[in-house]
Amino acid sequence: MYDLSAVSSDLSSILSVCADSSFPLAVSRAQSFSEKHQLPFVLDEHGELASASFSNKKKSNCKVPESLINPPPYILYYQGHSVSILQTEKGAPGPVSASFLGGKTEHRRQFGGGKGQLIAKAVGLNNGVVPEVLDASAGLGRDAFVLASLGCKLMLLERSPVIAELLSCALEEARDTAIDEIIARMQLTQVNSSEWLEQQEFAVADVIYLDPMYPHREKSSLVKKEMRLFQVLVGEDFDDAELLSAALKKARYRVVVKRPRKGLAIEGATPSYQLTGKSCRYDIYSIKSLAGLKSEAVCGKNK
Ligand SMILES: C[S@@+](CC[C@H](N)C(=O)[O-])C[C@H]1O[C@@H](n2cnc3c(N)ncnc32)[C@H](O)[C@@H]1O
């Protein structure tokens, strides 16, 4: 049994990379990732592992290939254009991946409430402006996608190579589809945002958006499967105060922080105001009024 209570600094003890042998491009991408990050690589002959895992979405019930004699609890699995994390332990939840095609994402894009959504108000979209946003804790890109589908241009930064790989593949998968125009507004870089922000000389975006991991104290069954996975692979973001401080120096108009509804604000600066919804809250740190952005846009048009 593996100890998953703490994040392993050595991911190779809990995560292997695997690819369906029927997809040569996926195999070569998986091999490069495993070499770059020194993770074990296993070839899945004819997608046996995938058919076992994806057939039952609720429980992983993985039948791992024989080459994986002592399977690690997590497998980064490449098949076609998609990449998922499979969880192999008995009773573990099903695969986790990032995807902008279909399902809940598509439903939210069409019926989610547009600029009336709390996240849209938090970044200022309801003020008649369309700010450029830096999402400095991109995760699986869901929040960023909502903002991009409302017209914002987004720079996404994510420090975990594994999470960035899931997101990067989801962005690639969505290119040249009906949502290509939205995806073209999202640009991902794998980097530690605090360090990157500190290196920048000038402001980098109108709004910097942060959604660092919050310590979850609920029993694991109450925490969504994605969050459980994040807790293991990414851990808690103990350096969120540093990230907020770096963001406040490099945002032109505001920094927005997503928090649990009743969670504490990040240590340091006090939020200018908060927007509280049913499941989460946005702490807004105003630097200057977004009205300035509106007049800049008008001046730009008149040039
Ligand atoms: C709760 S998740 C974000 C979820 C995201 N908002 C979404 O909609 O999918 C937090 C993510 O922030 C990333 N993160 C936290 N601090 C970071 C930093 N300093 N630089 C880059 N990424 C960071 C973590 O690795 C993790 O993937």
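**Notebook: sheet, helix and ligand shell**

I looked up helix α6 (residues 161-174) and found that α6 lies across β1 (15-20), β3 and β4, at about 140 degrees to β4. I took contact to be C-beta atoms, placed from the backbone, within 7 Å. Axes are lines fitted to C-alpha atoms, for helices over the stretch in contact, with angles from 0 to 180 degrees between N-to-C directions. Helices (H or I, at least four residues) and strands (E, at least two) are DSSP runs, numbered from the N terminus.

I noted that this is a predicted model, in which local features need pLDDT of at least 70, side-chain atom pairs count only at pLDDT 80 or more, and totals for chains, interfaces and linings use all residues. Residues are numbered from 1 along each chain as its sequence is written.

I then traced the open sheet, whose four strands follow the order β2-β1-β3-β4 with mixed pairing; two strands pair if DSSP finds at least two bridges between them. Its edge strands, β2 (41-44) and β4 (82-87), each pair on one side only. The twist from one strand to the next averages 25 degrees. Strand β3 (residues 74-79) runs antiparallel to β4 and is joined to it by six bridges. Ile75 stands opposite Leu86 in β4.

Next I examined the ligand. Of the 22 residues around the ligand, Ser137, Gly139, Arg142, Arg159 and Ser193 come nearest; a residue counts as near if its C-beta atom, placed from the backbone, lies within 6 Å. Elements giving two or more residues to this shell are α5 (142-149), β6 (154-158) and α8 (193-199).

Finally, I recorded eleven helices and eleven strands in the protein chain.

Definitions and conventions: Contact = placed C-beta atoms within 7 Å.
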